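Thanks for coming, everyone. I'll keep this brief and walk through one structure, chain by chain. Please have a look at it first.

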Amino acid sequence: MSTSSGSDGERPGLINAVPVRHYGRWVAVAVIVLLLLMLLNMLIFNPVFDWPFVLEVMNQTPVIEGLLKGTLLVTVFTMIVGVLGGVVLAVMRLSDNPVLRWVSWAYTWFFRSIPRIVLLTIMGAGMGLIFRDGLSLGIPFDWKIIEWLGLSGDWRFATLDANTLFSGFVGAVIGLGASEAAYMAEIARAGILSVDKGQSEAAQALGMSRWKAMRRVVLPQAMRVIVPPTGNETIAMMKDTSLLIALPLTAELFYQVGAIGSRTYQILPSYLAAVVYYLLITSVLMVGQSYLERHFGRGFGTTVKSDKAQAEIGLMAGSAH
Amino acid sequence: MRRPNADHLVEAVNVTKSFGSNVVLQGIDLTVDPGEVVCLLGPSGSGKTTFLRLINQMETLTGGRIWVGGELIGIEERKGKLHTRTDADIARQRSRIGMVFQRFNLFPHMTAMENVIEAPVHVKGISKREARQQATELLELVGLADRARFYPSQLSGGQQQRVAIARALAMKPELMLFDEPTSALDPELVGEVLGVMRGLAAEGTTMIVVTHEMGFAREVADRVVFMDQGVVVEEGSPDTVLLHPTEERTRTFLRRVKQQAEAEAQHDVELAKTLDALES
Ligand SMILES: Nc1ncnc2c1ncn2[C@@H]1O[C@H](COP(=O)(O)OP(=O)(O)O)[C@@H](O)[C@H]1O
Ligand SMILES: [Mg+2]
């Protein structure tokens, strides 16, 4: 120990070393602080950002209505349609039945190929033409059969007008939901495939049907993989509701602030109202997502090494319930 | 078709199984009586797992017949014709057979308790309260009453396998299948699982156990069946098959297992010596 610098010479003691100085970090911090100050200065003192007016726009009844109905409610319903549809498509895609597999593939191919704004525009403009007589529930090809039999009348139980069905709120949910299902199908498929095959085998060995094993054992575990990208999809969907004017659906946030903007010539502050709302909603969604991730991550993520760590985790688990 | 002998709980007759052109089982005959413990031995790849999976219908038979409790597995005879069983019927047959896997396959998103009550509640439809009561008893039986609220990831391998045994028992199966239940375990955890299985055997549980644990087979099995390359080479009492095998293939296999065990024992002795030397 010839190089020892400890006070009592022989054995090295506490380390009191000078840490490495990260000068680069401090420069970065300084630059960022400076930029933030500039941004704040602009936001507060630039008269273009007329914040009182922004608040006023945010408080307008049509804007709030548009936010609740066209933006939030459409997002909720489309995501319900999209997730359920996606799971069904994914299960079809993974089934033994080649017809179901093909249908699922074709659906996904079609809806992934069409831009949403194009889909919505065509739905709004075209569906009324395609289904000129409305959409009916009844016996297929009834008119042909009736013709053959020499009868008259129709065999339809209920008929819906295509224009009411495919425009407005219902149209928005159908259009965006159908499109979303195609994306969710891929996400759900990846999630289902991430679950070990032994899981559904164990479930079926206990006497569960294939579908029950899927629902009780495979899907809950697949959710761990499905939830994070679904959170992204939800946020993306919330933003895509701004396309709904293509349908057209006017009771929607972006269209409403735009309308106020062009009426008052206060274009920028009006759109800022929408930006603030979008920021708020996304924040709430992100919190919700982290809760969901924690819920579906239960039982995972604790890799136990030593017996002691195991006992500690055990105590925590025991008291947490 | 010959009807099965009603005394047998399991009767397999001329069972064959191919995967494409790969013939894995070529005519297995095996019977298991109620309360019997049958140990299946054989080198890796001889078709032991496949045979268990056929009994539990995780694979479909290529040929031959398997009866469990007098019922044909996977198929049924109506008006002289064989019909494939419906999924619901297969599920019902499976619920009467418990299976324990090499890699446990516990449901990781459920606690030990939830794993055990899952099938009684969601397959049999008994009340949660009743299922929980039963499960507590079963967890006690496997020595894990204090681990009911733990998730599988918080349990050791041996504990997980014991929960898996409790989970299978919760359906009150007529027959328990074990596929190398201790192969994935650290050596020091093997004993606790074999101990539970010994207890089950003593209670009269009918079991088919695929294992490489010769000590367990000798002590617990009523019958030992040695398989190789998809056929039963030799079967009989543990002492006959394990101590006085008549077939050359059995001898070769046992010699190899013994050598392996001796090598391990030798390793242990050397380790002990080293430790002793270090201590003194
Ligand atoms: N699903 C499968 N597809 C194709 N071959 C398989 C499949 N399962 C098992 N085999 C083959 O069957 C043979 C026996 O396997 P297995 O029953 O697992 O033997 P053991 O359990 O005795 O080690 C092996 O050669 C294996 O490759
Ligand atoms: Mg095997």
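How many helices and strands does chain B have? Nine helices and twelve strands. Before I go on, one caution: this is a predicted model. Every value you hear is computed from it.

Now, how compact is chain B? The radius of gyration of chain B is 20 Å. The globule rule gives 19 Å for 280 residues, so chain B is as compact as a globular protein of that length. Along the principal axes, the C-alpha trace of chain B spans about 80 × 55 × 35 Å. Of the 280 residues in chain B, 53% are buried. Then the contacts. Take pairs in chain B at least 6 apart in sequence: 63% of those contacts join residues at least 24 apart.

Surface and charge next. The accessible surface of chain B is about 13,000 Å². Carbon and sulfur atoms account for 49% of that surface. On the charge side, chain B carries 32 positive and 39 negative side chains. The centres of those two sets are 8 Å apart.

Over to chain A. Chain A has 13 helices and two strands. What is its radius of gyration? For chain A the value is 29 Å, whereas a compact globule of 321 residues would be near 20 Å. The box around the C-alpha atoms of chain A is roughly 115 × 70 × 35 Å along the principal axes. Buried residues are 35% of the 321 in chain A. For contacts in chain A between residues at least 6 apart in sequence, 74% join residues at least 24 apart. Chain A exposes about 19,800 Å², with 67% of it from carbon and sulfur atoms. There are 24 positive and 21 negative side chains in chain A, and the centres of the two sets sit 6 Å apart.

So much for the chains one at a time. Now the interface. How many residues of chain B are in contact with chain A? The count is 33 residues of chain B, against 29 residues of chain A. Together the two chains bury about 2,600 Å², of which 54% is on carbon and sulfur atoms. Which three residues supply more of chain B's share than any other three? They are His109(B), Arg149(B) and Gln154(B), with 23% of the area that chain B buries against chain A.

Helix H2 of chain B, residues 87-95, belongs in this part of the talk. Its buried residues are Asp89(B), Ile90(B), Ala91(B), Gln93(B), Arg94(B) and Ser95(B). What do they pack against? On the chain A side, helix H9 (197-205). Within chain B, the partners are strands S5 (71-72), S6 (75-78) and S8 (97-100), together with helix H3 (112-124).

Let me turn to some single residues. Start with Gly70(B), in the loop between strands S4 (63-68) and S5 of chain B. Gly70(B) has a relative accessible area of 41%, so it is partly exposed.

In chain A, look at Thr234(A), in helix H10, residues 210-240. Buried or exposed? Thr234(A) has a relative accessibility of 16%, so it counts as buried. Leaving out residues up to four places away in sequence, Thr234(A) touches Thr75(A), Met79(A) and Leu285(A).

Last, the backbone. Most residues other than glycine have a negative phi, and most peptide bonds are trans.

From Leu247(A) to Pro248(A) the bond is cis, with omega near 5°. Pro248(A) is in the loop between H10 and helix H11 (253-264) of chain A.

Gln57(B) sits in the loop between helix H1 (48-55) and S4 of chain B. With a relative accessibility of 10%, Gln57(B) counts as buried.

Where is Glu180(B)? In the loop between strand S9 (175-179) and helix H6 (187-202) of chain B. Glu180(B) is buried too, at a relative accessible area of 13%.

That's my tour. I'm happy to take questions.

Conventions: Residues are numbered from 1 along each chain as its sequence is written. Chains are lettered from A and ligands numbered from 1 in the order in which they are written. Side-chain values use heavy atoms; hydrogens and water are left out. Helices (H or I, at least four residues) and strands (E, at least two) are DSSP runs, numbered from the N terminus. The radius of gyration is taken over C-alpha atoms; the globule rule is 2.2 Å times the number of residues to the power 0.38. Buried means under 20% relative accessible area, exposed over 50%, partly exposed in between (1.4 Å probe, protein chains only). Contact means heavy atoms within 4.5 Å. Accessible areas come from the Shrake-Rupley method with a 1.4 Å probe; for residues, only the protein chains shown count as cover. Lys and Arg count as positive and Asp and Glu as negative; His and the chain ends are not counted. The place of a charge is taken as NZ of Lys, CZ of Arg, CG of Asp or CD of Glu. Buried area is the accessible area (1.4 Å probe) that two parts lose on being put together, summed over both.
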